[in-house]
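Hi,

Here is the structure I said I would pass on to you.

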Amino acid sequence: MSLSSPGALSYVGRVTGITGVPGYLDTVTVAAAMTASGAVSPDAELVAATAQPVGIGAMADTFRLSLRWHRRGSGPRSVIAKLPTVDEAAARTAASLGAYEREVRFYRELAKRTDVSVPRFYGTFEHNGAPGALLLEDLTHMVPGDQFRDVATDTLRRLREQLARLQAPFWADRELAGADWLHRRQGVPIPDIAERMRRSWVEVGRELTADFPTALREQIERFTRHAETWAMSLGGPFSLSHHDYRVDNMLFDPADPARVVVLDWQTVGWGAPMFDVAYLLATSVGPERRRAVERVEIARHVDDLAARGVAWSFEEAWQAYRHASFATLLMLVPPICTVKRSDRTDVMYRRLLRHGAQMALDLRADDFLANQL
């Protein structure tokens, strides 16, 4: 399936280049994508646009486009353009992983089937010969979550409730389960995961955790040896999964504390529902707070799913949560030796590795490694 918007070439308007964007981008391309998606009417004419870089992304370059229409009100005054990165190595990696395709298809095909809070989708187009460029709602008035601080309990609850909104419409969906474009980290082999875990832990992981209590270091060490078979052991029920559901992939509205918007759907996939829940709890609050709220939050998650037509018992959900409690270690250990490091990222990695290891210990997650040890 092409990632370009169907009918994109049907737009007729004056061609005006948009400066400040790597490569060539013009108003006709932007307006055609918005027309094809239904975001603007066919007679809307975009006469000018200017670009300003926003955000920092490893696999995408993001710009705020200020738009001027021939008739005021024909379209939004600004949008966010998320473009395939000009970094050739990162772009190749993203393309090989299917990251651009997944994000486009999530917004175009799946977002409308759920009421999870995401930016409004305005269209997609090819940029510099590569598919996967996105036009999204401009939410630059909102602020990203802070991964270095615990979130408030009511905020944690709202974030967890968004997962129920995401999961319920796709719960055990046989058709979606067979979609080969969705990312998979559970129930299937993960290419080279054993070697990546071992290499990352040897090269960097021990350095970051040298002053951790012995029990935490040993917990991480055990998991790195058995991550591959653990991931394959995660079974159903399965549903749609974000796969990187933590607060720095979310936006919060200073004017409306109850509002949260979930970003970065390049790893959207098919997996165990408690993977995202466990990852959220481990990375959002410290161990003491997590211990105090986790049983309540799992019970609420079961209730939230039930309100959306999903039957799942608390005991089933709790065991699935315990099983998925290695999620943070699976997500963080492999990339440590490949990402750019700084004092700031080291502080974040140390914090989250400590939280993830403590969660696994607290929930006796080694029970799910018992046949591997």
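This is a predicted model: local features need pLDDT of at least 70, side-chain atom pairs count only at pLDDT 80 or more; totals for chains, interfaces and linings use all residues.

**The chain as a whole**

The fold contains twelve helices and ten strands. Along the principal axes, the C-alpha atoms take up a box of roughly 65 × 45 × 40 Å. The radius of gyration is 21 Å, which agrees with the value near 21 Å that a compact globule of 373 residues would have. As for burial, 55% of the 373 residues fall in the buried class. If you look at contacts with a separation of 6 or more, 74% of them link residues 24 or more positions apart.

**Helix H1**

H1 covers residues 27-37, and eight of its eleven residues are buried, so I'd call the helix mostly covered. The buried ones are Thr27, Val28, Val30, Ala31, Ala32, Ala33, Met34 and Thr35. What do they pack against? Their partners are all strands: S1 (46-53), S2 (60-69), S3, S4 (121-127) and S5.

Both ends of H1 are worth a click. At its start, Asp26 has a side-chain oxygen within 3.0 Å of the backbone nitrogen of Val28. After the helix comes Gly38, with a positive phi near 85°.

**Val47**

One of the strands that H1 packs against is S1, and Val47 is found in that strand. Is Val47 buried or exposed? Its relative accessibility is 12%, and the cut-off for buried is under 20%, so Val47 counts as buried. Leaving out residues up to four places away in sequence, Val47 touches Arg14, Thr16, Thr27, Arg68, Trp69 and His70. Thr27 in that list is also one of the buried residues of H1. For a sense of distance, the C-alpha atoms of Val47 and Glu175 are separated by 42 Å, and the two residues are 128 apart along the chain.

**The cavity**

How many cavities of 30 Å³ or more are there? The count comes to one. The volume of the largest cavity is about 30 Å³. Around it sit Ala60, Lys82, Leu83, Tyr100, Glu103, Gly132, Leu134 and Gln266. Three elements each give at least two residues to this lining: strand S3 (78-84), helix H3 (99-110) and strand S5 (130-137).

Helix H4 (153-167) and strand S8 (250-253) are the elements that give two or more residues to its lining. H4 has the largest share, with three residues. In total, 15 residues line this pocket, and those nearest its centre are Asp146, Val151, Ala152, Thr155 and Phe252. By class, the lining splits into seven nonpolar, two polar and six charged residues.

That's everything from my side for now.

Cheers

Technical notes:
Residues are numbered from 1 along each chain as its sequence is written. Side-chain values use heavy atoms; hydrogens and water are left out. On a 1 Å grid over the protein atoms alone, a cavity is a set of points where a 1.4 Å probe fits but cannot get out, and a pocket is an open set with protein on both sides within 12 Å along at least five of seven lines; lining residues have an atom within 4 Å of a point. Grid points are joined across faces, edges and corners, and a volume is the space filled by probe spheres set on the points. Helices (H or I, at least four residues) and strands (E, at least two) are DSSP runs, numbered from the N terminus. Ala, Val, Leu, Ile, Met, Phe, Trp, Tyr, Cys and Pro count as nonpolar, Asp, Glu, Lys and Arg as charged, and the others, Gly among them, as polar. Buried means under 20% relative accessible area, exposed over 50%, partly exposed in between (1.4 Å probe, protein chains only). Contact means heavy atoms within 4.5 Å. A polar contact is a pair of N or O atoms within 3.5 Å; within protein, one must be able to donate a hydrogen and the other to accept it, and residues adjacent in sequence count only if both atoms are side-chain atoms. The radius of gyration is taken over C-alpha atoms; the globule rule is 2.2 Å times the number of residues to the power 0.38.
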